[in-house]
Amino acid sequence: MQQRLSSAAQHSEDSGIKRGDLSSLQLIQDFAEAISIMEVSGRPNTSPFKLHKSASTPLRYSGAVKKVAKKNQTKESGNKEKDKQVEYDNASSEEETAEDLVLKPTTDSSELADAGAHRISLRLPSEDSFSEETLVSEERLAEEAKKKNEEEETAAKERQAQRQMMAIEELVQSEKSYLKMLQICTVNIRNSLNNLQPPPPDLDSLFLYTEEVMNVSSRLLSKLEQKQLKPQNPEFLENLCASFLSLSSEIEAAYKEYLWNYNHVSLVENDYKQNEALWSDIIKVVKSAAPEVNATSLSFFLVMPVQRIARYPLLLQTIQKHTDPSHPAYALLEQTANTSIALNCNINEYKRFREVADKYKKTENLTIMDKINRLSTHSIAKKTARFSQYIKHETGMAPKLVDEEFDTLEGFFNILEYGILVLLENVETYLFHLQRLLECKTEEFDFDMDGEKAPICYKEIHTALRQWILPMFEKRMRTLIHKPLCELRDMLVGPKNLIRKRLHKLLDYEVIEGKPKLSYEEQAVANAYKTINTLLLNELPCFNGLALQMIWGMLGTFSCLHRDLAADMEQLFQGFALQLPHSSCHPKEFQEWVETAVLEGARNLDILCQSVQETLNSPVVQPLSPSCQRLLKHLTDKHGSGKIFQVTNTVVGTRDFDLTLTKGEFVALISEFDTRGDKRRWLVDSGAKKGYVPSSKLIRYHQAAEDPPPSPFLPTSGNMMAFRRHSCIPDPQLIHVTSQPLFQVVAAYDFMARGNHEVSVRAGEPVRVLESQDKRGNSEWSLVEARGQRGYVPSNYLTRMPVGTGSLAPPLH
Amino acid sequence: MNWMPFKIGQPKKQIVSKTVERDFEREHEKLQKLEDQTKKLHKDMKKSTEADLAMSKAAVKISADLLSNPLCEQDQAFLDSMTALDTAMKRMDAFNQEKVNQIQKTVIDPLKKYSSVFPSLNMAVKRREQALQDYKRLQSKVEKYEEKEKTGPAIVKLCQAKDELRPVKEDFEAKNKQLLDEMPKFYQSRIDYFQPSFEALIRAQVVYFTEMYNIFSQLTDQIDEAGLTDEQRQKETEAKLNELRSLSIVADD
């Protein structure tokens, strides 16, 4: 029991709970039981020393307890709660206390310094099993020392040497077992977990940095073993220290990432615990992978690096305590111990920085409701204070805390950000147009020019272009430029948020800066500002530099892509250009040739168009009825040929002086506007009447159409000859009478008068037309005078005969 | 006789022989297809040159915006690179502009000109069709009167109809003949007409890409790490990105 107790006490001290309430012995006992069970299971290579016993151990121990207890009285009030927590932690999981230790290495080390020799002697055997033996022999030696001083000294030295050796051995042995456990964990357990169906989510993130940690650990061990020295050899210690020092930066790098990730590991494991089936599977895997240890969770293994890094300083310090200051490696040892402490500090700092960074670098996507819910007097006060401080800066009432280094960095970051955004936007525009170019299927035309070289070449070129050259270019653009640029843009968010947050914290900080004494909260504010500032000062230059390099590199790539594209294109086009009929032409000659060819082509087309339009679009000339012709003649004589218009559509007069005209009728233009100057109504003469007609219904009548006389009655068909025979009885008198010297109006057909207003005519009988329409303006009837009688006949019964034919008539006459 | 309304205007006599009509249809179809293709090519060409120009303008904007960014003031080497890039882009754009002008002159304008002929041809075809309808209508009228009794008014009407028919017939025949003549000629003309355009197009591109290759070879020598494969580039970028990601100030995911 005692032995257990002592080991438990040592352990509790080791785990950073030395300020624990040790006066309650029963508690310790219970606790020790729990711990020792874990010890046994946790350390497979327990040493045979374990069975040694010593009567004096409890005495010493109680002394230590007293001392510690005394110390505790002073801070008891503050620590009681904490202690309970610690006990709880210890009982439930050894790992978490170890993690606590990591968080507080500074306090630990300071307390280490405070603690007296008792503590050191207690600590010496640490948690290893040969502790009992050392304690026993130590006690015995101490008693003997009282008797014999001389013997005591030599013996003390021996003891010292032995302790030192054991401490060293402890370090080496524990490192070995530690590495072994890690290997079990990462190899066996990880593989078995991977084989689970379905594999646990996020598994890789659990083992994210274990490789590095194992690597550095195994390197440390190999360095120790390299020289094949016995731990008793003084050089061994030297080698140990040198190895540790040489690896210290790597240890730090490996462990800080691991420790940082450990938070995440715990979260993931907790997630696993929620899923009972999965968790029981995991436990099974863990138990089967490492049956020799009583592991009940994944974190049993995964916490090991966390504990290990915190143990280095303790182990090293233990060695140091048992090393004679005259030892050749003492100075080195001291340095190593300090380094290991500094290592822990650095890791802690790193963790703190990461936490601050994590807290502020993410953009919060809050809804307005969330924001309102967040409002509290505290936040409003904070915001108001910031705002007023900001106003003070802007108005010059309060000097702004200037950090030139930071301002330069921030300025650079801002222009960099702007540059990246603009570049990305431009690249996207570029890609958009490239996409448009790709969509133009210019090779998909069919001019049915199969035998021609040029179009075939063109088609082949463009097929190749669109099928692979341009798509490849686009793909390269996207993967080499666009995608990284997008990722770079996304990375701008973190620093941007931190810079903004820094300003907020700066404003807070400035308010409290002058105060001589800071409250706890104010201290936190100051710390937050300083942390963010340091963080940005440390990392922003790196960020800026890398980002600039990336942009630079991308532009280089951009140029290179263009070069490759141009090379491909040139090759492609050149290859086909050589097959063209004019490939041997000098560019200039070719240019001229093309231009003349194009002009020539255009001219030919013009000619074609003209001929098509002229001949094909000429209107069909319908023969004019005799009355129309007469009217036309009448109007032409009266007004001149240029004034004749034809009605395109039937017009119905609606107003006074409007004319009602049918389609095809002729009118002569008198004026191009009405009395009120309206140019849409023209004053025209229709032969019988004068009046207004909408100008849009009129079209100029081309006299040219008359030039080739319509001559519909030219004797071309046999039928016509028959009529002609009738018409060949011209009345010379009547010819004389007609107002038209060239034509004589004759009746084409017989017409019997049906009433006294009509007049009968015989076919061929010459008549004189008095009116080419009836009284109502109907042009279907004409008023004629025949044989001295006046009356109406149908206008279409009348026809005109050229007088010239009259001269041919006499033979028939 | 004409008790079926749609039969009105359908002369019994075959006015246009079937072969003529078939020839005409075939030529006309060919022309219509050619018209569609010309229009399509014209449109595509225009679009593609526009996109081409827009692309080089966008490239110019990339470099111009970077050059005007104060980033350049911070770093002389960067400024030099950007200046070189900008010069190259501007030269490329100038050459591209020249190329596009050339294409406009030798390809797009002729295409436009060519497609402008189609409306008048189509109009002519329409006129021919109208003339044919007129011809048919009058022909059937004449036929109708010929069947009637030879009374006085009927004869008058027959004569009138025949008189009317004659110019229409002549008109149609002239149009028909001319179109049958012109259409194949026009169709044939496409070969000589477009041949120079395509040659010019290809040669303009050759000239342009030769220049572009020169410009960008120089530029690449100046600002790019020589001889990297795409994988190497990707790896390098990925390495840089990872380096950035490992910074605590960079928000992950």
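Trainee: So a salt bridge is a side-chain nitrogen of Lys or Arg within 4 Å of a carboxyl oxygen of Asp or Glu; how many does a search of the whole structure find over all chains?

Mentor: The search finds 38 salt bridges over all chains. Keep in mind that this is a predicted model, where local features need pLDDT of at least 70, side-chain atom pairs count only at 80 or more, and totals for chains, interfaces and linings use all residues, while side-chain values use heavy atoms, leaving out hydrogens and water. Residues are numbered from 1 along each chain as its sequence is written, and chains are lettered from A and ligands numbered from 1 in the order written.

Trainee: Which residue does K113(B) form a salt bridge with?

Mentor: Its partner is D606(A), with the closest N and O atoms 2.6 Å apart. This pair crosses between chains, from helix α3 (residues 76-147) of chain B, where K113(B) lies, to helix α22 (residues 587-616) of chain A, where D606(A) lies; helices are DSSP runs of H or I with at least four residues, strands are E runs of at least two, and both are numbered from the N terminus.

Trainee: And is K113(B) buried or partly exposed?

Mentor: K113(B) counts as partly exposed because its relative accessibility is 24%, and D606(A) is partly exposed as well, at 38%. Buried means under 20% relative accessible area, exposed over 50%, and partly exposed in between (1.4 Å probe, protein chains only).

Trainee: What about E27(B), what does that one bridge to?

Mentor: E27(B) forms a salt bridge with K30(B), and their closest N and O atoms are 3.8 Å apart. The two are separated by about one helical turn because they stand 3 residues apart in helix α1 (residues 18-68) of chain B. E27(B) counts as buried at 9% relative accessibility, whereas K30(B) is partly exposed at 31%. Elsewhere, salt bridges that share partners join R476(A), R563(A), D564(A) and D230(B) into one network.

Trainee: Switching to strands: how many residues of β2(A) are buried?

Mentor: In strand β2 (residues 666-671) of chain A, 5 of the 6 residues are buried, and the strand is mostly covered.

Trainee: Which strands does β2(A) join up with?

Mentor: Two strands pair if DSSP finds at least two bridges between them. Strand β1 (residues 644-647) of chain A is joined to β2(A) by 3 bridges and runs antiparallel to it, with F645(A) opposite V667(A). Another 3 bridges join β2(A) to strand β3 (residues 681-685) of chain A, again antiparallel, and there L669(A) stands opposite V684(A).
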